[in-house]
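Please read them alongside the structure shown below.

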Amino acid sequence: MATGVERWVEELARLFEPKRVYWCDGSEAEAHRLIEAGMLEEKIAHHNVFYELNQRNWPKAYLHRSHPTDVARTEQLTFVCHPEQDQAGPNNNWMPIPKAKALMTKLSKGAMRGRTMYVLPYVMGPLDSPYAKACVQVTDVSYVAVSMRIMTRLGSHVLKKIGSGDNFVKGIHSVGDFDPNRRYIMHFPREGLVWSIGSGYGGNALLGKKCFSLRIASYLGLRQGWLAEHMVIMGIEDIKGHTTYITAAMPSACGKTNLAMLESALPEYKVTTVGDDIAWMGTGLDGRLYAINPEAGFFGVAPGTGMSTNPNMVRTLKASNFYPTLYTNVALDLDRNEPWWEGLGPPPPRLADWQGRPWDPASKTKAAHPNSRFTVSLYNCPTISPEVDNPKGVPVSAILIGGRRSHLMPLVVEAFDWTHGVFIGARTGSETTAAAAGAVGALRRDPFAMLPFCGYNMGDYFRHWMNQGALMRTPPKIFAVNWFRVDENGTFVWPGFGDNMRVLKWILDRVHGRVGARETPIGLVPHVEDLNLDGLGIPCSKIEKLFEVRPAEWKGELKDIRKFFDRFGRQIPYEMRNHYDKMEKSLKA
Ligand code: OXD
Ligand code: MN
């Protein structure tokens with residue numbers, strides 16, 4: 001008798017009409033075969049699917065070039081379909097479920113003709129974790145199949161775990177004809193289904209990542225009492241060998257990957273990496289918050305990654321533990337056959353740009369696409385945490401919430417308590433980046449860096465965060481951080497990267513009750529003398545400016561926060577309104 005997965009795949013094969021159906025076993029030999037076939041297959045905008053790079057200097061590395069219109073997440077084409085629009089909230093595009101299903105069925109009809117349908121059984125989370133979820137995705141792109149093998153725990157064993165029933169999260173993916181007018185990323189959180197047509201870009205096509213581990217999982221978390229968040233998970237080990245775990249929410253392309261594996265400027269501290277993008281968190285029996293990373297790889301932004309900014313990522317990329325590492329839309333050093341991007345080092349003499357065209361160094365355009373990416377196994381990372389596969393997760397002592405703000409926001413602010421921390425997370429704004437299609441540098445509210453990823457009404461999400469705090473005996477402390485404040489010349493004041501450990505040290509000192517703090521209308525900030533600034537070479541007066549809260553400058557901000565909260569009407573928790581009123585009052589005073 002056919003299993004639930006087999007019946008579902010047969011139904012999809014009747015709809016998509018692929019030339020053949022191939023069930024992936026997740027082996028390395030299979031990944032080799034798919035890459036070799038992809039090196040011959042000329043499919044995407046006249047480029048081969050995979051292109052072999054210099055294997056001596058960049059072990060197991062392959063280049064992929066996407067369709068030129070398909071280079072970032074397309075938030076305007078991403079929908080979350082609940083029965084009622086109000087359940088999706090003002091933060092999501094919505095369509096009635098029957099209409100969305102009819103549209104996707106029409107677009108899917110015969111969409112895989114002449115192609116292979118790959119069936120990918122995978123698990124999000126360490127295999128024996130109570131949080132682990134079994135999923136199956138179908139796709140018609142070998143690049144997606146190989147990427148999913150890096151990013152998830154993929155293999156035939158997952159089919160055994162699912163058994164004969166249909167208790168699995170479903171992902172349907174086809175690139176169709178790449179037509180941006182027929183591109184939709186549809187989510188049906190109540191039935192654990194994602195259906196994505198028309199895009200091969202990671203965030204739209206590797207359905208285990210944003211679509212499942214954030215949009216669908218955040219809804220599961222609401223129903224079941226846990227949190228799915230856009231967060232780094234990292235350990236900070238002190239000189240005595242004691243590790244404190246923290247998580248950090250930051251919008252896309254704001255330095256989460258750099259933070260997750262930072263090389264500390266303070267030699268007494270060492271970072272270990274659990275994850276760089278997604279955290280699933282729930283309260284343990286001891287009343288503490290625990291976090292697991294559902295992913296098994298990094299899908300990181302290449303530009304800006306180099307030995308001076310993130311040496312551990314360069315080491316990860318050059319390690320040869322796991323086959324393969326993929327580079328998407330980076331530039332190509334034509335003499336050495338190596339990947340290149342802005343920030344890796346000086347440009348080599350002869351480069352092809354991300355679309356394969358000769359690149360003129362005098363031109364104003366970037367050689368690598370600003371959202372070019374690498375896809376690499378977590379198990380290549382030299383700073384990988386020994387706890388990465390711990391089914392229980394790691395206990396979280398602090399939660400950081402960051403944004404990219406050139407003005408106004410101090411380097412670090414501690415929340416007065418959990419409810420104030422939720423208010424801080426909810427009011428966070430950030431300047432937009434190239435990770436999503438649209439304007440770059442525009443300020444938008446991005447609560448908990450989850451605006452594009454929350455699979456339900458964010459008013460309910462804020463209430464859910466409030467409720468989670470009440471479940472914990474010792475909730476983590478919550479901090480807002482901003483590495484991006486600039487001076488009057490537009491230059492970053494704080495050096496960032498490895499020096500961010502100086503801020504993390506203060507956070508640890510607060511967590512362990514070792515230092516005091518100064519109260520301001522927006523939260524608690526450090527006494528500058530409590531920061532370890534040894535060897536930094538920035539005058540104290542400049543550092544003090546990083547903690548300035550100038551009430552006159554907050555007028556516009558207050559207005560913007562109120563406008564944003566008003567979009568959620570009465571769904572905004574009363575605690576958040578109270579914190580807003582208190583902050584407004586003390587800024588005015
Ligand atoms: C990502 C993103 O790819 O946030 O992680 O866009
Ligand atoms: Mn992300």
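1. I begin with a pair of oppositely charged side chains: K101 and E191 form a salt bridge, with their closest N and O atoms 2.7 Å apart, the term standing for a side-chain nitrogen of Lys or Arg within 4 Å of a carboxyl oxygen of Asp or Glu. The two partners belong to distant parts of the chain, 90 residues apart, K101 being in helix α4 (residues 97–108) and E191 in the loop between β11 (184–188) and β12 (193–197); helices (H or I, at least four residues) and strands (E, at least two) are DSSP runs numbered from the N terminus. K101 is partly exposed at 23% relative accessibility, and E191 is partly exposed as well, at 40%, where buried means under 20% relative accessible area, exposed over 50%, and partly exposed in between (1.4 Å probe, protein chains only).

2. As to the basis of these values, this is a predicted model, in which local features need pLDDT of at least 70 and side-chain atom pairs count only at pLDDT 80 or more, while totals for chains, interfaces and linings use all residues. Residues are numbered from 1 along each chain as its sequence is written, chains are lettered from A and ligands numbered from 1 in the order in which they are written, and side-chain values use heavy atoms, with hydrogens and water left out.

3. Which residues are the protein donors of the manganese ion (ligand 2)? They are K210 through NZ, H230 through NE2 and D277 through OD, lying 2.2 Å from the ion, and their spacing in sequence is K-x19-H-x46-D. H230 is in the loop between β13 (227–229) and β14 (231–237) and D277 in the loop between β16 (270–275) and β17 (279–283), so this pair ties together parts of the chain that are 47 residues apart in sequence. Donors are N, O and S atoms within 2.8 Å of the metal (3.2 Å for Na, K and Ca), and since water is not among the atoms, sites may look incomplete.

4. K210 lies in helix α8 (residues 208–224) and D277 in the loop between β16 and β17, so the contact ties together parts that are 67 residues apart in sequence. Both residues belong to a network of salt bridges that links K209, K210, K256, D277 and E295, and the count of salt bridges comes to 34.

5. Another salt bridge joins D509 to R514, with the closest N and O atoms 2.9 Å apart. D509 is buried at 4% relative accessibility, whereas R514 is partly exposed at 47%.

6. An open sheet of five strands runs in the order β4-β5-β20-β24-β19, with mixed pairing, and its edge strands, β4 (51–52) and β19 (297–301), each pair on one side only. Within this sheet, β5 (residues 61–64) and β20 (residues 325–328) pair in the parallel sense over four bridges, and L63 stands opposite Y327 in β20; two strands pair if DSSP finds at least two bridges between them.
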